[in-house]
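I would like to walk you through one structure today, slowly and in order, so please keep the picture in view while I talk.

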Amino acid sequence: MKELPEDIDSLFTELQLYDQYSFSMKIFPELYRAINKPKKLDCYCNECGRDSIFMSTESGVKESSSWESDLKTLQDEGVLVVKFICSRHSEHIIWFQFIIRDFFIMKIGQFPSIADFSNIEIKKYQKLLGKERYRELSKAIGLVSHGVGIGSFVYLRRIFENLIEDAHQQATTDVNWDESAYERMRTAERIGVLKSYLPSFLVEHRGMYSILSKGIHELSEEECLEMFPAVRLGIELILDEKLEELERQKKIAFGSKALSSLISKYN
Ligand SMILES: [Zn+2]
């Protein structure tokens, strides 16, 4: 059985449906509050089309003086429903359903669905990745939500390799570029010579590639599933960096045009 992550927000954002997550007595009070008391959740709002702060409502379940009876209350309650409302618009709502048994919790429902959620979270990369790669990222996430670990690593590896290939294509325009030397290099070395064309997070964490390759050949389904959130986060950070760079370039182009016209007017 998996253990409930210490970051309690993961209860809502990361737990897979129908998986049992054990929790300790130590984390129970926090878990209890997360389900029953008003709580903030930082999350993408499908309806607003951007990140928002959601607030849950008080459940009305009465708190007692001991955690044992609080645990019993939650078990007896049956399905625990938590409703989060977007702070921008009161009609934007996310629902979660859980059940609690002896020291384990299971998410049994969520609306919008996990797939919807994930697709929303990665939507901002759609333009950057292009149709095919975007679909692969979405497939990787979809596979994991169905317990397929190794297959999801195949897709992530393709995205990773594609980022390197993009940088490679850019590098070949440099007059000093040595293509035959590049062809003889292993991936880690290639990342090294391409570093000025690649997001710094990728360069600093180039070991990610060996994890992805290992996953396909050596890691178990379980191990891949366990590693997936960290590897996905790594890929997203790389993509975020590319997005930021694009934004910066756009701003520079806009700023320089605006300033040039001012300068020519007043000089
Ligand atoms: Zn909203």
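I will go from the overall layout to the sheet, then to the metal site, and finally to the helices and a few single residues.

Let me say at the outset that what you see is a predicted model. The protein is divided into two parts, domain 1, which covers residues 2-112, and domain 2, which covers residues 119-254. If we take the centres of these two domains over their C-alpha atoms, they are separated by 32 Å.

Let us begin with the sheet. Seven strands make up an open sheet, and if you read across it the order is β1-β2-β7-β6-β5-β4-β3, with mixed pairing. Because β1, residues 2-3, and β3 stand at the edges and each has a single partner strand, one side of each is left without a neighbour in the sheet. For those who are new to this, strands of a sheet pair through backbone hydrogen bonds, and they may do so in parallel or antiparallel fashion.

From β4 we step to strand β5, residues 80-86, which runs antiparallel to β4 and is joined to it by three bridges; here F54 stands opposite C86 in β5.

Further along, strand β6, residues 93-101, and strand β7, residues 104-111, are also an antiparallel pair, this time over seven bridges, and R101 stands opposite F104 in β7. In the loop between β6 and β7 you will find F103, whose phi is near 55°, a positive value in a residue other than glycine. With a relative accessibility of 29%, F103 counts as partly exposed.

Which residues coordinate the zinc ion? They are C45, C48 and C86, each through its SG atom, and H92 through ND1, at 2.2 to 2.3 Å. In sequence these donor residues follow the spacing C-x2-C-x37-C-x5-H. The angles among the four donor atoms run from 98 to 119°, and the site is tetrahedral. As a point of reference, the ideal angle for four tetrahedral donors is 109.5 degrees. Both C86 and H92 are buried.

A cis peptide bond joins F111 and P112, with omega at about -5°.

In soluble globular proteins, nonpolar side chains tend to be buried together. The largest nonpolar core here has 33 residues, and of these L137, L156 and F160 touch the most other members. The elements that give two or more residues to this core are α5 (126-145), α6 (150-171), α9 (200-204), α10 (207-217) and α11 (221-266), and the largest share, eight residues, comes from α6. Leaving out residues up to four places away in sequence, L156 touches L137, A140, L212, F228, V231, R232 and I235. Apart from this core lies another, of 30 residues, among them F12, I35, L41 and I94.

Is R232 buried or exposed? R232 is found in helix α11, and because its relative accessible area is 14%, under the 20% cut-off, R232 counts as buried. Neighbours within four places in sequence aside, R232 is in contact with S118, E121, I122, I141 and L156.

Finally, consider K127, which has its place in helix α5. At 81% relative accessibility K127 counts as exposed. The C-alpha atoms of K127 and L243 are separated by 9.6 Å, although these two residues are 116 residues apart along the chain.

Note on methods:
Residues numbered from 1 in each chain as written. Predicted model: local features only at pLDDT ≥ 70, side-chain atom pairs only at ≥ 80, totals over all residues. Heavy atoms only, no water. Pairing = 2+ DSSP bridges. Helix = DSSP H or I, 4+ residues; strand = E, 2+ residues; numbered from the N terminus. Core = buried A, V, L, I, M, F, W, Y, C linked by side-chain atoms within 4.5 Å. Buried < 20%, exposed > 50% of the residue type's maximum accessible area, 1.4 Å probe, protein only. Contact = heavy atoms within 4.5 Å. Donors = N, O, S within 2.8 Å, 3.2 Å for Na, K, Ca; no water. Tetrahedral: all angles 85-135°; square planar, octahedral: opposite > 155°, others 65-115°. Domains from an automatic or database assignment.
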